[in-house]
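The exercises below are meant to be worked through with the sequence and the coordinates open side by side.

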Amino acid sequence: MDFTIPAELRDLVERTRRFRLAELAPLEPEFLQAGRLDDARRRELQEKARARGLWGVDVAKEYGGLGHGHLGLCLAIEELYQSPLRLEFGGSPEPCLFLADDHQRERFLQPVLDGAKQSCFAFSEPETGSDFGHLRTVIADDGDTVRVTGRKMFIGLADVADFVILFATTDPDAGARGVTCLLVETDTPGFEIVRPMPTMGDDWLPFELEFRDCVVPKEHVLGGWNKGFGVAAHQLTHGRLKIAAIALGIAQRALDEAVAWAKERKTWGKPIATRQGVQWLLADSLVELESARLLVHRAAWLADNGDGVQHEAFMAKLAATEMAYRVTDRCLQVLGGRGYLLESPVQSLYRQARLWRIGHGTSEIHRWMIARTMLGLGANDD
Ligand SMILES: Cc1cc2nc3c(=O)[nH]c(=O)nc-3n(C[C@H](O)[C@H](O)[C@H](O)COP(=O)(O)OP(=O)(O)OC[C@H]3O[C@@H](n4cnc5c(N)ncnc54)[C@H](O)[C@@H]3O)c2cc1C
């Protein structure tokens with residue numbers, strides 16, 4: 001077994017690190033106080049990253065990307081998300097967009113690869129989040145066009161998106177078999193952003209959306225009529241790996257902050273790093289971080305070197321996000337009152353870590369899916 005990270009991926013991580021320290025680190029104090037990084041600034045930073053060759057990191061070379069695959073993306077994200085600014089590299093479309101046919105490739109995929117268009121991903125609804133077969137947004141077949149009616153909730157990036165990757169049902173009684181994925185441009189009549197939904201995550205600002213008889217060309221159905229469940233599974237599996245890598249970055253930075261503070265801060269004349277109570281918090285955190293890292297890297301490696309990593313991606317996301325929550329909590333404790341101040345990156349990382357036990361599928365649903373695979377149970381055994 002060879003755990004060596006290939007030289008070109010080590011180089012990618014090093015370039016990402018230099019970018020983070022040069023461009024993101026100076027902005028941290030302002031970001032932590034304001035809790036916001038506006039979209040113009042975010043795009044500007046993405047362009048700076050692009051100028052350093054950090055664009056389309058995971059995207060295959062045939063699409064103009066760097067071709068570093070899942071492992072490359074995970075390693076780069078792990079490094080990038082050590083900054084609380086939560087910047088993403090540009091030119092990496094939502095994975096399901098690679099299922100596009102020729103027409104969709106030209107209209108939707110290519111502009112995202114180029115940075116000319118932005119998408120958002122809309123699955124969750126007022127009545128359903130975890131329950132895939134319970135969508136109430138309906139797609140009606142009108143021949144060459146379809147009509148969409150319904151509401152979506154919690155949709156990130158909707159305010160800047162040029163199109164929505166929408167999951168809806170062709171038949172509310174058909175469960176997962178009725179799910180269909182449709183690309184809906186945000187200038188379509190009947191589409192409306194109903195309200196922003198401010199969160200405890202500062203500039204994590206999702207939106208509630210309404211689709212009122214939106215007429216969309218049928219050729220904008222992605223992946224086939226009633227085939228949306230497979231499209232979503234593809235999307236979510238890859239998304240899970242990415243979030244698992246984000247969780248590693250969050251935990252690593254929190255731990256680095258806590259270690260530095262433990263060496264500096266003295267009580268009763270000695271650094272708190274010499275106290276067993278503090279050492280155990282740090283030691284447990286490191287062991288959990290390294291354990292999750294192995295799971296995440298293995299899942300990413302398998303995604304690049306085989307197929308069918310759904311089970312591994314569930315385990316990686318569950319382990320890494322639960323770990324990040326525990327680790328950021330412990331690290332905040334090591335920092336004492338300072339960890340609770342807005343000026344501390346650890347408080348921001350702690351709140352981010354909290355989201356990822358919910359977003360992109362809750363930990364409970366992950367456990368359920370892992371157990372189902374482990375026990376050989378199917379959907380009808382629930
Ligand atoms: C900041 C933020 C951004 C988001 N961005 C997006 C986005 O861009 N696009 C999008 O589509 N969605 C987005 N979401 C929604 C997110 O994916 C959902 O919140 C998440 O999937 C959980 O769904 P829910 O909130 O409806 O919870 P529910 O499904 O209602 O679950 C509530 C609780 O019940 C538990 N539960 C439910 N069913 C079971 C079961 N069978 N067994 C055990 N426990 C169960 C859950 O684990 C949870 O603890 C976002 C959410 C947030 C907070």
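**Exercise 1.** Leaving aside its neighbours within four places in sequence, which residues is Val148 in contact with?

Solution. Before starting, note that this is a predicted model, in which local features need pLDDT of at least 70 and side-chain atom pairs count only at pLDDT 80 or more, while totals for chains, interfaces and linings use all residues. Residues are numbered from 1 along each chain as its sequence is written, and side-chain values use heavy atoms, with hydrogens and water left out.

Step 1: locate the residue. Val148 belongs to strand S3, where helices (H or I, at least four residues) and strands (E, at least two) are DSSP runs numbered from the N terminus.

Step 2: list the contacts, meaning heavy atoms within 4.5 Å. Once the neighbours within four places in sequence are set aside, Val148 is in contact with Thr137, Val138, Leu166, Leu182, Phe211, Arg212, Asp213 and Cys214.

Step 3: take one of these partners further. Val148 and Phe211 are 63 residues apart along the chain, and their C-alpha atoms are separated by 6.1 Å.

Step 4: assign the burial class, for which buried means under 20% relative accessible area, exposed over 50%, and partly exposed in between (1.4 Å probe, protein chains only). Val148 counts as buried because its relative accessible area is 0%.

**Exercise 2.** Describe how helix H8 and helix H11 pack against each other.

Solution. Two packed helices are described by the angle between their axes and the distance between the axes.

Step 1: The axes are lines fitted to C-alpha atoms, for helices over the stretch in contact, and angles run from 0 to 180 degrees between N-to-C directions. For H8 (residues 310–335) and H11 (residues 363–375), the axes come within 9 Å and cross at roughly 145°.

Step 2: identify the residues that make the contact. On the H8 side these are His311, Phe314, Met315, Lys317, Leu318, Thr321 and Glu322, and on the H11 side Ser363, His366, Arg367, Met369, Ile370 and Thr373.

Step 3: sort them by class, with Ala, Val, Leu, Ile, Met, Phe, Trp, Tyr, Cys and Pro counted as nonpolar, Asp, Glu, Lys and Arg as charged, and the others, Gly among them, as polar. The contact of H8 with H11 then has five nonpolar, five polar and three charged residues.

**Exercise 3.** How many aromatic pairs does the structure hold, and what is the geometry of the pair formed by Phe108 and Phe163?

Solution. Step 1: apply the criterion. Rings of Phe, Tyr and Trp (its six-membered ring) pair if their centres lie within 6.5 Å; planes under 30 degrees apart count as stacked, over 60 as edge-to-face and the rest as tilted. The structure holds ten such pairs.

Step 1: classify the pair. Phe108 and Phe163 lie 4.7 Å apart, centre to centre, with 65° between the planes, and are edge-to-face.

Step 2: Phe108 is in helix H5 (residues 102–114) and Phe163 in strand S4 (residues 163–169), so that the pair links distant parts of the chain, 55 residues apart.

Step 3: check accessibility. Phe108 counts as buried at 0% relative accessibility, and Phe163 is likewise buried, with a relative accessible area of 0%.

Step 4: look for linked rings. Ring pairs join Phe121, Phe123, Phe132, Phe167 and Phe229 into a cluster.

**Exercise 4.** Is Ala247 buried or exposed, and which residues does it touch?

Solution. Step 1: Ala247 is found in helix H6 and is buried, with a relative accessible area of 1%.

Step 1: not counting residues up to four places away in sequence, Ala247 touches Ala320, Thr321, Met323 and Ala324. Thr321 is also among the H8 residues that make the contact with H11.
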